[in-house]
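Colleague: I'm new to this one. Can you put it up and walk me through it?

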Amino acid sequence: MKMFLTAVLALAASGAAAQQTVNMPIVIELSGAGAVSGTNFRDGAVLAIEEINAKGGILKRKISAPQSDTQSNPGVSRAQVQKAIDSDPYVILGPVFSGSVKVNMILCQQAEVPQITGAEAADITQAGNPYIFRTSFGQQMSMPKIANYIRDGLKARTVSVLWVNNDFGKGGRDTFVKEMAARNIKVVSDVSTESGQVDFAADVVRLKGANADAIFVYTNEEESARFLREARKQGISKPLIGETTLLGQKVIELAGAAANGVKGHVGLTVDAPVAAVQAFRAKFQKRFNYLPDHNGIKGYTGVYAVKHATEKIGKFDRRLLAKTLHGLTIKPEQEPGILMEATWDANGDIDRISFLAEVVDGKQKIVQTLPKLGK
Amino acid sequence: MKKALALAVLALVVAAPFGLKPYGIYLLSLWAVMTIAAIGLNLTLGYAGQISLAQASFVGIGAYTAALLTTQGWPLGAAFALAALLCFVIGWLLGYPALRVAHHYLAFVTLAFATLVYLILRNEEWLTRGVYGISGIPRPTLLGWSTKAPLDFYFFCLGVLVLASAAAWWLLRSPWGRAFTALRENPIRASSLGIDTRRYTLMAFAIGSALGGIAGVLYAPLVQFIEPTAFTLGLSFNLLLMVIVGGAGRFAGPFLGAAVSVLLPEWLRFSEGLYLMIYAVFVIVLLAFCPSGLLGLAERLRDSWPRFFKSAT
Amino acid sequence: MAAVLQVRDLRKSFGGIGAVNGVSFAVHEGEILGLIGPNGSGKSTLFNCILGQLAPSSGEVRIDGRPITGTRPCDLNRLGIGRTFQLLQVFPQLSVRENLVLAGQEHEGGMWSRLFGPRDAGLGAAANRMIEFFRLTALADERAGALSYGQQKLLDVAMAFMSGPRLVLLDEPAGGVNPTMLGGLRERLKAINQTARATFVVIEHNMEFVMSLCTRILVLAEGRIIAQGSPEEIRNDRAVIEAYLGN
Amino acid sequence: MLLAGLATGGIYSLVAIGFVLLWQTSQTINFAQGEFVMLPAFFVLAAMKFGGLSFAAAMGVGLAVSLLVLGLLFKRLVVDPVIRHGVLPLVISTIALAILMKEGVKEFYAADAQPFPAAWATTNLQVGGAVVSVQNLVIIAVAVLAVVALQYFLGATRTGRRMQATAQNPLLARVLGIPVGRMVLYTFLINAGLVALASFLVSPIYLAKFTNGETLGLVAFVAAIVGGFNQVRGAIAGGLLLGVADNFVAAYLSAQYRAAIPLLLLIAVILWRPQGLLGRAEERSV
């Protein structure tokens, strides 16, 4: 019985069979709490795939990308990734939710399939998995930049943090508190909220009570919008600082006027003062007739990164692709689809220039461009 | 006739995984694990008539016990023992409200208990690593037989399922089984015949919960990464629907109910998001026409067309 | 010898209405005591107070001299007290034999001995005897739900005797049973009374059944005993007739 | 702060009253009551998006559709066929109904949250230093209005009294010639009206999302039980108590265990005073 099993696994791993297409399944959140980010990521990837296929695909092979929905549930995401692995994929795209990625990245690692994720939780790239690659900053990259901004930009001595009590939120909060301690800024109040929470009245009262110089908000899109509405309703005057999610397109749309005045660090944004990004934004809007958020860029650039690396090594070899991607820097001049120069380090984290932004009457305005951490 | 049917199902279940890819094997293992938890719930709800929406919490407790122990090097056997004991005691305590209140109140109490357990699992980070969950849960090696590969682990789950079902079958065939049925049918009459309704109710809760715990101990190595959101009310509702759809108070109910709940989404995969809706409508229609589930339906068909069935078997 | 059952000044009121107002009586071994009285005279309430279904407001109940007021019904059963209900209550899903085994299985031994003991808790033979005794042999393996009302009544009474009780309280055993079976039922009860020296207390409206079965009769009206004596004395006691016919 | 608590309390009371009414008249435990509050908002949004109606017109359509679907159809298609099998199967079928509604909205409308227009000013008032939001005031006012109207209807009008009779003792009511079937239907319609009202009040703040129902449903149960399961007044008291307690705990105690408060209250009440604070014990016939 043991011999039979090894034969099955060997067949699956090599993917030797000659196919006309290269199989890159998208396993993503199309329902549940992560529906917003997931849909954006998928559409970004689909846009890139259509463009690449139009130009003949990668090494003369068209990309086929079957989609499956993880319902933002780790258990379901594990099953779907297992199913995708069974279809002998070259690369797996997604998911975005950190909780799901942590469940299924073990599978990709065992099957030696590179996984391009949109997740940002810090510990994903610290588990020594050589097959996981981010398409946006991990929390441990973006938090230092925010901390510097709070210390230097706002000159705040005390800060409060409001975060969503799930793996995404907790990871961000822990990293943020560490960075605050490093810059001896006192965290005067630490408010945990529920994923899917609807009533933030009490939390706002607590924040007002703490009266910190600045308030750092780290929650998912819908909760951020509800919080901002409640904050404006109770007349919070202190600056509200956030990460890419808080200044995302969806939050601005949901929170309406309440989003104005929110500042924060944005690793990826469709409003970035970069020509390629603006071009992407226009193409995306024409194709899917809705404004993309930062997850759209993640999906799009993720696919192009795979294309560039594969063309660099000249053949479809999963293990080699993973090795090549580590330490690789892709410039827009070499690969327009990458939009902004990006470097992947040894454990799969990505480093790019990033921006400080502020929401001004319903639009995200870039205030300052921050250099790559590496340079 | 029943014995032949049981053996046929067993043979099918043993042969089934060979033709399948790891994803299919994963589904079958999940079916085996869920059936164990459903057998526990069927005992509490189907046989003793006490509704519990807390079965997911016991699966959670079992899973966390296994995860915490095996990641520290303890054998899975220790996890089985500890989880079963822990869930038995907690199940016993959870039984006390059942003695004081009518069914629907009990549903709320167990619902509240389940949500509380979820909060504890998520917030008590020192014990359960909170929202980060626990990863890298090893699969056991049993007397040299490593169950790391999906196929081996499936047979391991199947073995535990067979053991659990045998124990449940034996329990329900014993005087206890009769006492449970009496407790469900008519507690006042049962107590006048000397049946200590208090103790049997508590026992029903305790054993049902222990089986939930055992299912949890298997679930942890199956998915190798657990975090609190997997054990919320959704799972309790799912298990409840499994018992009801299969046929509460019937031995084979949980097996059939689990199969419908785990495998149905696959067959209806083509319908993308619709399968949950189809499943929900199916449950409502079933409850309206045949509250005793699919098995009840089968019995009703068999009774109403004796000629056809008699001649066929 | 001491009274099997002794009730001393038992009272039970539901929010001011005195259902049972100070009832005292005793029952000795081997007696069949009839309890009659118009509807609403407190007969069933008295029963339920004795059997732990209802907690009496005051007064005391003693079995063989030991106070048992307020003990749980299941513990009373272990002390050798059986009962039947006014409304027929058998377990329709279980077969006749299963019903009987169920009725006896909890009487002695602990829970664990029942789990690890034989499947029919050693009561198979006793059940068969009871089935023959009550002439239900043909229906032994039928589901109890499928039996006729009269047959179910017989099964209900038989279940009360499965644990070999010393005292059985029967609540309208003749209710709804057709006359032909009534005679059989009376013979069965008399036979058990003689062979097992079992003591009965019977609530019954069917005067002919009561007069022919019981050795002594108590008459209850508005929660108080208004007369007691042999069946003949009671038949022509003016107070009894008045209570029934109302003046 | 108290204001926010009362506003949330008001919502909980509305939902709890509907829940209690359903239980009193037809022994229906509606586990989908939370989803009932979520759905009407989507009826309005759908009316605006597909029907192209103005907000006010869409509100009217939304209310009508809610009465039809959540009142009439719910009774005819779900409750009536299942109730004859007893309370438990009905509890389970309402669970399935809740899943159906959530998935339905997710599939046919939208998975993510939708902004919901507010039918009144969203500005704030500066009252003696403390900032008072108009929305909270409106919610409290409308909730109080609805409760008073309901009490008046039940107490003073002929139909209202006949409905109360049906609630207290359906058998007796039928004997007295009250068309019990119609009375029960009225309670379902009232419940549908109440949940629709709650939905219109709460959606502008909470945003319309298909998962909103879950937490709301659970808290409405707790409010109904804590207040006394068979008392409309109890439901109001329970709702307000929970609303205020929930906010205060979250603000001053630990926010992480915020959701535990209604649950601990529930278990405590059920164990020590099963009939609730104001309710009367339900006798169980031997």
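Colleague: Which chains share the most contacts?
Modeller: Chains B and D, of the five pairs of chains in contact. Two residues are in contact if their C-beta atoms, placed from the backbone, lie within 7 Å. This is a predicted model: local features need pLDDT of at least 70, side-chain atom pairs count only at pLDDT 80 or more, and totals for chains, interfaces and linings use all residues. Residues are numbered from 1 along each chain as its sequence is written, with chains lettered from A and ligands numbered from 1 in the order written.

Colleague: How many residues of chain B are in contact with chain D?
Modeller: 31, against 33 residues of chain D. H5(B) gives the most to chain B's side, with eleven residues. Helices (H or I, at least four residues) and strands (E, at least two) are DSSP runs, numbered from the N terminus.

Colleague: And how far apart are chains A and C?
Modeller: Their closest C-alpha atoms lie 38 Å apart, and no contact joins them.

Colleague: New topic. What is the strand order in the open sheet of chain A?
Modeller: S9-S8-S10-S11-S12-S16-S17, seven strands with mixed pairing. Strands pair if DSSP finds at least two bridges between them.

Colleague: Which strands stand at the edges?
Modeller: S9 (186-193) and S17 (363-370) of chain A. Each has a single partner strand, so one side of each is left without a neighbour in the sheet.

Colleague: In which sense do S11 and S12 of chain A pair?
Modeller: Parallel, over two bridges. A:Gly242 stands opposite A:Gly264 in S12(A).
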